[in-house]
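Please find below a colleague's note on the model under review.

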Amino acid sequence: MPINASVPRTDLGTHVVFNQGEALVDVNLFDGDWILSALVEAAGGAGHVERLSHFGARTGSEEVQYWGELANRNPPQLRAFDRFGRRVDEVEFHPAYHALMALGLEAGTSSIAWTAPRAGHVAHTALLYLLTQAEAGVGCPMSMTYAAVPALRKQPEIAESWEPRIAAARYDARCLPAHQKGGVTLGMAMTEKQGGSDVRANSTVAVAQADGSYALTGHKWFVSGAMADGFLALAKINGEDTGLSCFFVPRWRLDGSRNALELQRLKDKMGDRSNATCEMELREAAASLVGPEGRGVATILEMVQHTRLDCVTGAAATMRWALSNAIWNAQRRSAFGRRLIDQPMMRQVLADLVLESSAATALAMRIALAFDRAADDPAQGLLARLMTPIAKYWVCRRATPVVAEAMECLGGSGYVEESPLPRAFRQAPLNGIWEGSGNVIVLDTLRVMQREPEAVEAMAQFLLAWLPGQAERIDAVLIAFRAGEPTRARQCVEQLAVLLAGASLVELGLEALGSAYVNNRLAPVAATSFGAAVLDSTLTDELIEWGALESGK
Ligand SMILES: Cc1cc2nc3c(=O)[nH]c(=O)nc-3n(C[C@H](O)[C@H](O)[C@H](O)COP(=O)(O)OP(=O)(O)OC[C@H]3O[C@@H](n4cnc5c(N)ncnc54)[C@H](O)[C@@H]3O)c2cc1C
């Protein structure tokens, strides 16, 4: 039963409890979030509103919010052996984790992008955004399951057998061969001890078998979603330096025996506590080649492009959740004779946070829209090629300072573990680290800028179409970036991210926010903390009104 279910006593004899906040529960995280709903509709997601509205009510409910808390307080436990000393390599989770996984998968978080006739990536993005606000840790296995599909499609016979199990949108927690299960989850095993960002240093060896399969031997240093039914992994065929190849490693062999994936231990992580991240050893594990030999990095990048969108979404949702709590508290707490929400300086801080959160959400939605349109419009695929890493870099970087500022809006109570803010704060840096840490993302962007002029052109066209008044600035940053000077690269990516966010907000119907964002974040003397930017008072009022979650829906 949720902690707050009983009616608390306020007259404690020594004092009466009053002027305290209340838990942000039983709100509809979709209907009540005017900005999210507007962006989803503008990005073509109107056909998904009913599903999202239902999901927003569930994820915002007291029950589901409590599941998030429980799944974090009771992190997964490794069960490498059974009581008789036989290897099982399984992970045990709290029931709340399973409930969250079922909720997310059955709503379509991992499948809808591949099954919906229209706006599937937009719907996926909105579902993940809502789910993250209940609990971020389950987002990781769901994201990898979603993102594995384009990589699996590089090997049609694997896609044919596994994609329908993803499309089934079912959670089946049993550790059984996939064909005996109602639904599956997938993971990714790239990082090794001697090289994470530099995957070329991978030492896992794949040896071809007589039946056309491969046996993989080596280790993986971080493998999240540790109970996945299969993993995409990188290895060198016969250990030769002819480039990495991509392999699909199922948890069970075709003959029904457990595959040789040994879970060594679980990482004791700062945040993301509900998600099991393991160290894994592969001992001649049965695997199938995915995509061409020696082209493993290109194959797995098909997956990474999609997990990077989810990093943007996850970071944006974490910001949103922290911000919603900050506004909620400010509406209910008074100091110096006035509600916090009516104090001018608090209004400036909150409005600035709404602006940042809206920009992050618009970037996620705009990338999702580009993914949706890419099949019919190659320019959208090119736009996504650059927009995804740029947004991944920027939004993930903004998450930690946004959550810290929001935490401060709750005063001391925000720093206490009973509040959701510490959990959000510990989660906040993670999306910046995995799927390409900051510098690696910037270097990737730099490579695209230099080698794929058509992607640069697609981005320039997009920016100029929606921010014509910024033509000079757009030109200047593109020239500086093309020069390829690594020491200027972070600066260029930051400026492009702000411009892309501004253009996305304008295109998706939030013009006032788009120009305020660009003008503030790219001002000659830009404010460095939230609330230091001086926003127009009408816009401040509007931002707070739009940013406040409406309750009771
Ligand atoms: C909770 C968690 C879960 C994870 N789950 C998975 C998973 O499921 N599957 C998986 O494969 N991996 C996973 N990872 C691993 C993650 O993807 C890597 O940690 C990440 O890619 C960075 O690699 P690294 O740790 O080896 O750091 P390094 O590669 O050593 O990088 C360290 C720092 O150096 C910077 N750097 C690297 N190269 C350059 C350069 N040329 N110039 C300038 N700076 C540079 C990086 O940006 C980074 O800041 C997970 C990590 C975490 C924390």
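This is a predicted model: local features need pLDDT of at least 70, side-chain atom pairs count only at pLDDT 80 or more; totals for chains, interfaces and linings use all residues.

1. Residues around the ligand. The shell around the ligand consists of 19 residues, of which Met188, Met190, Thr191, Ser197 and Ser224 come nearest.

2. Polar atoms facing the ligand. In the side chain of Ser197, an N or O atom is placed 2.5 Å from an oxygen atom of the ligand. Two further pairs concern the backbone: a polar backbone atom of Ser224 is 2.8 Å from a ligand oxygen, and a polar backbone atom of Phe222 is 3.1 Å from a ligand nitrogen. On its own the ligand has 980 Å² of accessible area, and the protein covers 65% of this.

3. Elements that form the shell. Strand 3 (186–189), strand 5 (214–224), helix 13 (430–433) and helix 14 (438–451) are the elements that each give two or more residues to the shell around the ligand. At the level of domains, the ligand lies between domain 1 (185–296) and domain 2 (297–553), because both give residues to the shell.

4. The hairpin of strands 1 and 2. Strand 1, residues 77–81, and strand 2, residues 87–92, are paired in the antiparallel sense, with four bridges between them. Within this pairing, Gln77 is opposite Glu92 of strand 2. Five residues separate the two strands of the hairpin, and Gly85 adopts a positive phi near 85 degrees.

5. Val304. This residue belongs to helix 9, which spans residues 296–332. Is Val304 buried or exposed? Its relative accessibility is 3%, so Val304 counts as buried, the cut-off being under 20%. Val304 and Ala148 have C-alpha atoms 8.5 Å apart in space, although 156 residues separate the two in sequence.

6. Thr307. Helix 9 also contains Thr307. With a relative accessible area of 2%, Thr307 is therefore buried. Which side chain does the side chain of Thr307 contact? The partner is the side chain of Glu435, in a polar contact of 2.6 Å.

7. Points to inspect. In reviewing the ligand site, the reader may wish to view the 2.5 Å pair at Ser197 together with the backbone pairs at Phe222 and Ser224.

Technical notes
Residues are numbered from 1 along each chain as its sequence is written. Side-chain values use heavy atoms; hydrogens and water are left out. A residue is near a molecule or strand if one of its heavy atoms lies within 4 Å of it. A polar contact is a pair of N or O atoms within 3.5 Å; within protein, one must be able to donate a hydrogen and the other to accept it, and residues adjacent in sequence count only if both atoms are side-chain atoms. Accessible areas come from the Shrake-Rupley method with a 1.4 Å probe; for residues, only the protein chains shown count as cover. Domain bounds come from an automatic or database domain assignment. Two strands pair if DSSP finds at least two bridges between them. Buried means under 20% relative accessible area, exposed over 50%, partly exposed in between (1.4 Å probe, protein chains only).
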